[in-house]
Structure formats: structure tokens, C-alpha cells
Amino acid sequence: MSEIAAKAPVKPARRRLLVSRLVPYLLLQALILVATILGLRLLQPIDPDDFALSEFSLREDGVARPVTLPHFTSSRYSLADPPLYTGGFTFRRGDVASGWSVFLPRFSNAVEVAINGVVILDSRRDANANRPDRNTPQIGSIPSSLLREGANEITVRLLVWGPLKGFLDTVYVGPDAALRPAYETRTLMFVTLPVVFSAWQSILAVILAIMWLMRRREPVYGVLAVAMVLGVVQAFAPPPVPPVNTSRLAAVLLASAPIESALVVVFGVLFFGWRWPRYSMLLFAPGLVVFGVGLIGGPPLPRILFLVLGIPTVGLCLFLMACVTAAAVVRRQDAASFTLGCAVTIVLICWVHDMLSVFEIVTDERIFLSRLSYSAMLVAIGAGLTWRFARALNQVDSFAGQLVTRVREAEERLKASFAREEERARAAALASERTRLMRDLHDGLGGQLISIVALSERGHEGATITDAARAALKDLRLVIDSMDDIGGDLMLALGSWRERATAQLRPHGIALDWQVATPQGLPLHPELRPWHVIQIVRILDEAVTNAVKHAEARHIAVTIETVDEGQEPYGVIRVADDGKGFANGSAPVGNGGAADASQTARGLRNMKSRAARCGATLNLSSDSSGTRVRLQLPQIFPDSDAAVG
Amino acid sequence: MTEQGETGEAITILLVEDDAPTCWRLHDALVKAGYEVRSASTLAEARSGLGERAPRVLLTDLRLPDGHGVELIRETRRRFPDTEIMVISALGDEESVISAITVGATGYLLKDAFPTDIATTVRDLVAGHSPISASIARFIVRRTQGTPQNAAEPPPGPALNTARLTPREIDILWGIAKGFSYAEIASHLGLSRQTVPGHIKNIYRKLEVHTRGEAVFEAVQQGLIKL
């Protein structure tokens with residue numbers, strides 16, 4: 001209601017949209033109104049009018065007067081001295097073979113029927129028969145011994161417990177075979193059908209409750225489940241028949257209708273995705289008041305309150321619900337809102353019909369339809385929700401399917417790009433390896449071969465060329481050796497180097513003392529690359545060559561150890577000789593000469609730069625007792641050759 | 001001085017090398033050490049040289065003008081099981097040495113080795129001590145570690161069957177690969193220093209694939225071929 005009202009002063013475009021959507025909907029509702037009224041007319045149960053008894057004499061409060069059924073009596077709260085309808089009918093034994101019966105299509109609240117002064121039917125024994133909101137019919141067969149040929153007397157005691165007025169519809173007396181079908185039809189419509197609906201409701205209540213338990217963030221299901229549970233309790237709990245004084249149960253039953261209707265409004269608001277305004281909790285107030293009073297007060301008070309508070313609340317809720325659905329229709333234009341809207345309209349029409357009936361504006365047979373249509377609506381909503389749930393599951397399924405497909409596609413793409421990337425990386429690695437190899441060959445082998453060429457061209461003979469050639473060979477072996485995968489174990493490379501160095505030193509008569517101070521030698525370096533190995537081995541080569549060529553050493557000691565100072569362990573390689581040393585690379589001690597000095601200095605520079613390139617630190621100390629080179633390896637070897645160039 | 005075998009006769013060596021200067025160099029070094037050396041520069045010459053009398057030691061290059069030294073090694077191993085075979089390698093790289101080992105060589109000689117080293121190596125070989133370099137040992141032990149299961153491509157380098165090596169032999173190879181001397185290895189492993197060279201010779205023998213049939217058998221044993 002407020003939703004629509006709030007939309008009045010909006011922009012023309014929106015208003016046009018509103019009108020273009022709302023008007024067809026309202027027309028549809030009008031159509032439904034007509035259809036419902038027609039349907040009610042058509043569905044009205046047909047009674048066997050041949051056997052109708054309408055003319056009765058009513059004795060009420062000590063006064064007797066003739067009345068025509070259907071008849072309303074005044075409302076009353078006492079069961080003492082109920083209105084007594086007395087009538088007569090004619091029985092002819094020859095008419096039919098079967099027995100006769102009394103058929104009361106509608107009465108409220110209870111009846112006691114006597115034929116010729118003998119009670120044959122008391123509806124109070126069937127608790128459900130006395131509910132004013134059900135339209136329970138009653139039939140009682142008349143024992144043939146009671147029937148007299150000719151005129152017979154029938155008395156109907158109408159027991160009324162307010163606040164509604166008492167009502168007695170036309171009474172039918174006749175052959176059982178003629179009355180039974182009408183009775184059965186009414187029983188089917190007003191007794192069996194509600195039970196079926198209630199059973200259905202209870203099942204849906206369980207399903208919805210489970211849904212809500214599993215999906216707490218969707219209270220829609222929970223609200224509807226509660227409404228349905230209340231409805232089921234209301235339907236199946238036998239109402240107390242006065243004078244039994246179980247007012248608490250009566251209170252629960254009376255309060256159920258307004259609370260249910262308020263819950264349905266909550267459901268509607270939540271279902272259409274609106275926020276539930278806090279103050280709307282007031283909608284529950286009437287139901288709770290009826291409940292509270294029912295718990296405290298005596299029997300008549302809650303019933304009066306129910307009439308004054310409960311029933312208008314139900315009407316208000318239905319109206320609100322109609323507004324909510326109308327707003328939803330305007331906004332969403334989907335099947336769910338249309339269907340719900342139409343259902344609410346039908347229930348609203350039924351409620352209005354019932355009100356008119358209560359106020360005797362429409363004096364048909366006083367058949368109350370609200371409860372029945374409401375149950376049908378709830379069942380429809382429940383079915384709709386289940387349908388929505390199933391559809392959501394389907395969507396989830398198809399979404400999952402799509403997801404699987406997408407993931408597979410993405411995986412394929414990823415694989416392809418990974419393969420491409422790998423190919424590229426391999427090509428890059430190959431190229432860089434080639435570059436490295438070129439540089440390594442150029443560094444050592446190339447230079448040495450060129451110096452061999454130069455030496456032989458100048459006619460040099462013997463030792464110098466031999467030395468250069470051997471150096472070239474040694475370097476070639478080093479380069480080849482470095483290509484091998486040593487799995488990050490520098491010890492494997494040093495093993496080969498030891499062999500080569502020993503072979504190199506043997507002719508000079510120099511002993512190579514090899515000491516591995518720590519059991520594992522050097523720490524493993526998974527990131528170790530061939531070019532690191534080459535740099536380290538060349539540093540060691542340089543140290544040994546210096547010791548042989550310039551320092552005239554007799555012993556060279558190589559010590560390998562791992563230093564672990566709590567952090568990452570790192571390796572240290574020491575090369576010490578017992579040669580004459582050189583004064584910090586500037587001038588050799590002894591008879592070396594300028595050329596020797598500059599060569600030593602260059603070698604030293606070379607060693608330092610090689611160490612820097614693979615992240616190692618080189619320390620060199622030299623005096624007359626020998627030269628000591630300390631190469632401290634990095635904890636992690638650098639990935640790229642930073643100092644290239 | 002003349003190097004002599006157990007029988008007291010001079011030790012005969014068949015040297016097969018096509019490069020003349022290298023051939024002279026090795027020849028001189030061996031003759032100087034007292035060996036009786038016959039030289040051949042082609043496969044055909046080598047075969048005819050073998051025909052006369054079995055040499056005690058065969059030293060052969062792999063690349064020969066009329067064929068591959070591997071054929072000669074295989075042939076010699078079959079015909080003269082007692083002959084010690086050594087491959088002459090320029091660089092001592094795995095490719096040449098391992099392929100020679102698998103057909104029956106039990107050692108290798110570097111072409112640029114110093115004359116004294118050449119003589120020593122041959123003498124050791126005759127005494128039953130096969131030389132092995134750190135890089136060859138490294139190659140073998142890395143093969144024993146195996147390639148990951150179902151690796152798509154076989155490991156690079158010549159095919160090598162390491163299945164028959166014992167853990168002790170593999171330990172010895174590790175020691176050599178890491179540059180330890182025989183004495184150091186022996187003390188680490190609790191062996192006598194003298195037994196290490198014998199172990200190495202055993203390793204060579206175990207790496208040898210004798211016949212095609214045996215190679216197939218080995219392959220089946222290792223699950224490389226499914227029947």
C-alpha cells in the first residue's frame with residue numbers, strides 16, 4: 001500500500017510505467033473477482049429441496065414464535081436454555097424401503113436433534129463439527145421404530161457460544177438415500193478437503209523448515225514454515241467444546257489466524273526481496289493480545305477479542321499482502337508475483353464474502369470460505385517455493401556444469417600457454433647457455449689458442465707453446481665438465497678439479513694437500529649453474545697457477561668446509577701455498593720483475609671480479625711465508641650474471 | 001728396463017691411433033717404460049695385428065679412419081678375454097669413455113697425459129687397477145640415482161646399465177666423484193686401500209654389456225622392455 005502511495009509523485013516516465021503495469025493487473029484482479037463470485041455460485045452444494053423443512057416454531061427465552069429457516073438467533077454466552085426449534089414432518093411407511101435420516105447442512109455452533117422426543121443426534125460429540133470456521137454438515141439416521149405413520153415432530157436444540165450469532169440452515173428430513181449424497185458432497189468439500197490441505201501443509205512445513213535450517217540466511221522459508229505449522233495445529237487440534245474449560249488451547253487456536261496472516265505478510269515482503277520494516281512487528285500485536293488474553297481470561301473474552309481484533313487483522317494482512325503483491329507485479333512482472341497476487345485476491349474475496357455473511361448482508365447459507373482458501377493459498381505458495389528451490393538446484397547444476405566446462409577450457413588455455421611459456425623459457429635458457437658457452441670458450445680456450453698461434457708464428461719452441469696448449473686443453477675440459485648436471489653439489493665439480501690440478505702439479509713436483517673439514521663438504525646449492533662452477537674453478541685455477549708460476553711453492557693445501565653460524569650455512573674454500581708470496585699484488589717479493597708483477601695484479605683482479613660475479617667473497621693475503629686465498633661462497637648463488645660486461 | 005707380466009715375458013701393447021704425432025708420443029712414452037708396443041693407425045691394421053698374437057694390452061682411439069674403435073674393443077674382448085683394453089680419449093669425456101666401457105674397456109688414457117702418467121696408468125691396469133676419473137664416476141653415480149619414473153625421454157648420454165652395482169661400489173664412486181683419494185675413501189668406508197682399485201675394475205665389468213642377447217635380458221630385467 002505504502003509502496004504504491006510512495007510512487008505517486010514520481011517522474012512521468014515512471015508513472016507511465018506504473019500505470020501501464022498496474023492497470024492490467026487490477027483489471028485481471030477484477031476478472032478474478034467476477035470469476036470467484038461465479039465460481040462460488042456454481043460450486044454451492046445442491047441440497048435435496050424436496051425434503052426441506054423450513055417452517056419451525058422457535059422457543060427462546062420462554063417465548064415461542066414461528067420462524068423460517070435459515071434463521072439467525074442472537075449471540076449468547078450461556079449454554080443454559082438454548083433456542084429450541086420445533087417442527088413437523090409427515091412420514092409414510094410405504095414410500096421407501098430404506099430408513100429415514102435428518103440432514104443438517106449448516107449450523108453453528110452445535111445442535112441436538114430429537115425425533116418425537118428422542119435425541120438421535122448431538123453434534124457436540126464431534127468436536128470438529130462445532131467449529132464455526134468449518135462448514136461441517138451432520139446427518140443422523142432415524143431409527144424406524146421412532147417414526148410414526150403420518151405426522152412426526154422434530155426438535156432442534158441450537159447450542160450457541162458467542163460472540164457469533166447462532167445459525168440454523170434449512171433442515172432436511174427424508175429417505176437416507178436421497179439425503180446422503182448431499183451430505184457426502186458437503187463432507188468432501190468442508191471436511192475432507194481441509195484435512196487434505198492441512199496434511200499437505202504439514203509436509204510442506206517440514207520441508208520448508210529443513211530448507212530454512214540448511215539456509216539460515218533465507219528466513220523466507222522459516223517464516224512460511226512457522227505459518228504452516230500454526231495452520232496445521234489450528235486445523236488438527238480439537239477445539240474445546242463448552243462447557244469444557246480448556247481456555248489455553250482455545251487461546252492458541254484463536255490467536256493462530258491473526259498471527260498466521262501477519263506471518264504471510266512477512267513472507268510476502270521477504271519473498272519479493274524487500275526489507276522487513278521494524279515497526280511492522282505491530283502487525284503481530286493483535287494476535288499476541290488475543291493469545292495473552294486467552295491465557296489469562298475466561299472463555300468468552302478471547303472469542304470477543306478475536307472477533308474485534310483478530311478478524312480485522314486478518315483482513316488488514318490480506319489487504320497489505322495484496323498491496324505487496326501488486327507492488328511486486330509492478331516492479332518485477334514475473335510469474336511468481338502474478339500468481340501470488342491472484343491467490344491473495346481470491347483469499348481476500350473469500351474473506352470479504354465471509355464478513356458479509358457474518359454481518360448478514362449476504363444471507364446465503366453462511367458458508368465460511370476464508371480458512372479453506374487460505375489453506376489452498378499456502379499450499380500453492382509452498383508448492384511454488386519448492387518449485388523455485390528445484391529450479392535453483394537446476395541452475396546450480398547447470399552452473400556447476402558450466403563451471404566445469406569453463407575450468408576445463410581455462411585449464412586447456414593455461415596448459416597451452418604454459419607449454420608456450422616453457423618452450424620460450426627453454427629457448428631462452430638454450431640461448432643464454434650458448435652465450436655463456438661462447439663467453440667461456442672465448443675467455444679461456446680462444447685466448448690460449450691464439451697465443452699458441454702467435455708463439456708458433458714467432459718461432460718459439462717447446463715449453464711455452466706446450467704450456468699454452470695444455471692450458472687450452474685444461475680449459476676445454478673445464479668447460480665440458482661444467483656442462484654436466486651436478487645437481488647443485490659443488491663437491492662433484494671440485495672432485496674433477498682436484499684430479500686436473502693434481503695432474504697439472506705432478507710434473508712440477510708440487511703436492512696438492514686436499515682437506516675436507518666438514519663431513520658433507522660444501523652445502524648443496526640447487527640454484528647452482530654451470531657458469532658459477534666455471535667461475536669458482538677458474539678462481540681456484542688462478543690461485544694454483546700463481547702458486548706454481550710466480551710463488552715457487554712446494555706445497556699447496558686446499559681446505560673445504562661448511563660454516564654454519566646459526567643462519568644459512570655457507571661454504572668456504574681455502575687455497576694456501578708455501579711460496580714466497582707477493583706484496584699485495586703490487587710488487588713481487590724477489591726477482592720477479594715488472595711484467596710478472598702486472599700479470600699477478602691482473603690475475604688478482606680477475607679472481608676478485610669472478611668471485612663478485614657469483615656472489616662470493618675473495619680474501620687474499622700474501623707474505624714471504626706464502627699466499628692464502630679464502631673464497632667465501634654465498635648462501636645463495638645469484639640467478640643472473642650481474643657483473644657481466 | 002722391461003716391464004714384464006707374470007710369465008716373465010715382456011708386456012705387449014697394441015696401440016691403435018690414427019693421429020701420427022699422438023701415436024708417436026704415446027709410443028715413445030710406452031717404449032721408454034719398457035713395453036713392447038705395436039702400432040696401428042686403422043681398424044684394418046689393428047685387426048691384422050690382433051690376428052698374429054693376443055696383446056696383453058690394447059690401447060685404442062675411438063675415431064679411426066675406417067671404423068669405430070668400439071668395434072675393435074668388442075671384438076677383442078670376445079676373442080681375447082684376458083687382454084686389458086683401454087680407450088685413448090682426447091678429453092676423457094663420458095660419451096667416449098662410457099661407450100667404450102660398455103663394450104669391454106676397463107680404463108681410459110688421456111692423449112695429453114704426461115709420459116710418466118701414461119706408463120703408470122698402463123702398469124696399474126695390468127696390475128688389475130682400473131683408473132677412473134671424477135667426472136666418469138660422477139656420470140655413473142648420477143645414473144644409479146635414476147631418472148624419475150616415467151620420464152618421457154631417456155637421460156642424455158650413452159645408455160648405461162647400473163643395476164648390478166652394489167651400494168658399496170656406488171659409495172666408492174661417490175667418493176671418487178667428490179675428489180677423495182682412494183685412501184680417504186677406504187678409510188671412510190672401512191676398507192683396505194688396496195681393495196679400492198679392484199672394486200673399480202668390478203664396476204667396469206658390471207657396466208659391460210656382453211652380447212646383444214644379454215643386453216635384451218638386462219633391459220627386460222630392469223623393466224625397460226615389456227615382453
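User: Which residues of H6(B) are buried?

Analyst: This is a predicted model, and a residue counts as buried if 20 or more other C-beta atoms lie within 10 Å of its own. In H6(B), 10 of the 11 residues are buried, so the helix is largely enclosed by the rest of the structure. The buried residues are Ala134(B), Ser135(B), Ile136(B), Ala137(B), Arg138(B), Phe139(B), Ile140(B), Val141(B), Arg142(B) and Arg143(B).

User: Which helices do the buried residues of H6(B) pack against?

Analyst: The packing of H6(B) involves both chains. From chain B come helix H4 (94-103) and H7, and from chain A come helix H10 (463-483) and helix H11 (490-505).

User: How many residues of chain B are in contact with chain A, and how many of chain A with chain B?

Analyst: Two residues are in contact here if their C-beta atoms lie within 7 Å. By that criterion, the contact between the chains brings together 12 residues of chain B and 20 residues of chain A.

User: Which element gives the largest share of the side of chain B that touches chain A, and how does that side divide by class?

Analyst: The classes on this side of chain B are four nonpolar, three polar and five charged residues. As for the elements, the largest share is three residues, and these come from helix H6 (residues 134-144) of chain B.

User: How many residues of H4(B) are buried, and what covers them?

Analyst: The cover of the buried residues of H4(B) includes helix H3 (69-79), strand E6 (84-89), strand E7 (108-110), H6 and helix H9 (195-207) of chain B. Among the buried residues are Glu94(B), Ser96(B) and Val97(B). H4(B) is mostly covered, and the number of buried residues is nine of its 10.

User: Which residue follows H4(B), and what is its phi?

Analyst: The residue after H4(B) has a positive phi, near 130°. That residue is Gly104(B).

User: At what angle do H1(B) and H5(B) pack, and how far apart are their axes?

Analyst: Two packed helices are described by the angle between their axes and the distance between the axes. The crossing of H1(B) and H5(B) is right-handed. The contact is formed by Leu26(B), Ala29(B), Leu30(B) and Lys32(B) on H1(B), and by Pro115(B), Ile118(B), Ala119(B) and Val122(B) on H5(B). For helix H1 (residues 20-32) and helix H5 (residues 115-126) of chain B, the angle is about 65° and the axes are 9 Å apart.

User: What classes of residue make the contact of H7(B) with H8(B)?

Analyst: H7(B) passes H8(B) in a right-handed crossing. The residues in contact include Arg168(B) and Asp171(B) of H7(B) and Glu184(B) and His188(B) of H8(B). By class, this contact has four nonpolar, two polar and three charged residues.

User: What is the strand order of the open sheet of four strands in chain A?

Analyst: Strand E1 (52-53) and strand E10 (138-142) of chain A are the edge strands, since each pairs on one side only. Within the sheet, strand E6 (residues 100-104) and strand E13 (residues 171-175) run antiparallel and are joined by four bridges, with Trp100(A) partnered by Pro175(A). The order is E1-E13-E6-E10.

User: Which residue in the turn of the hairpin of E8(A) and E9(A) has a positive phi?

Analyst: E8(A) and strand E9 (residues 118-122) of chain A pair in the antiparallel sense over four bridges, and Glu112(A) has Asp122(A) as its bridge partner. The hairpin has two residues between the strands, and the turn residue with a positive phi, about 50°, is Asn116(A).

User: Is Glu561(A) buried or partly exposed?

Analyst: Glu561(A) lies in strand E15 (residues 555-563) of chain A. Beyond residues up to four places away in sequence, Glu561(A) touches Ala517(A), Thr518(A) and Val572(A). A buried residue needs 20 or more neighbours within 10 Å. Because Glu561(A) has 18 C-beta neighbours inside 10 Å, it counts as partly exposed.

Definitions and conventions: Residues are numbered from 1 along each chain as its sequence is written. Chains are lettered from A and ligands numbered from 1 in the order in which they are written. This is a predicted model: local features need pLDDT of at least 70, side-chain atom pairs count only at pLDDT 80 or more; totals for chains, interfaces and linings use all residues. Ala, Val, Leu, Ile, Met, Phe, Trp, Tyr, Cys and Pro count as nonpolar, Asp, Glu, Lys and Arg as charged, and the others, Gly among them, as polar. Axes are lines fitted to C-alpha atoms, for helices over the stretch in contact, and angles run from 0 to 180 degrees between N-to-C directions. A crossing is left-handed if the near helix is turned anticlockwise from the far one by less than a right angle, and right-handed if clockwise. A residue is buried if 20 or more other C-beta atoms lie within 10 Å of its own, exposed if 12 or fewer, and partly exposed in between; C-beta atoms are placed from the backbone.
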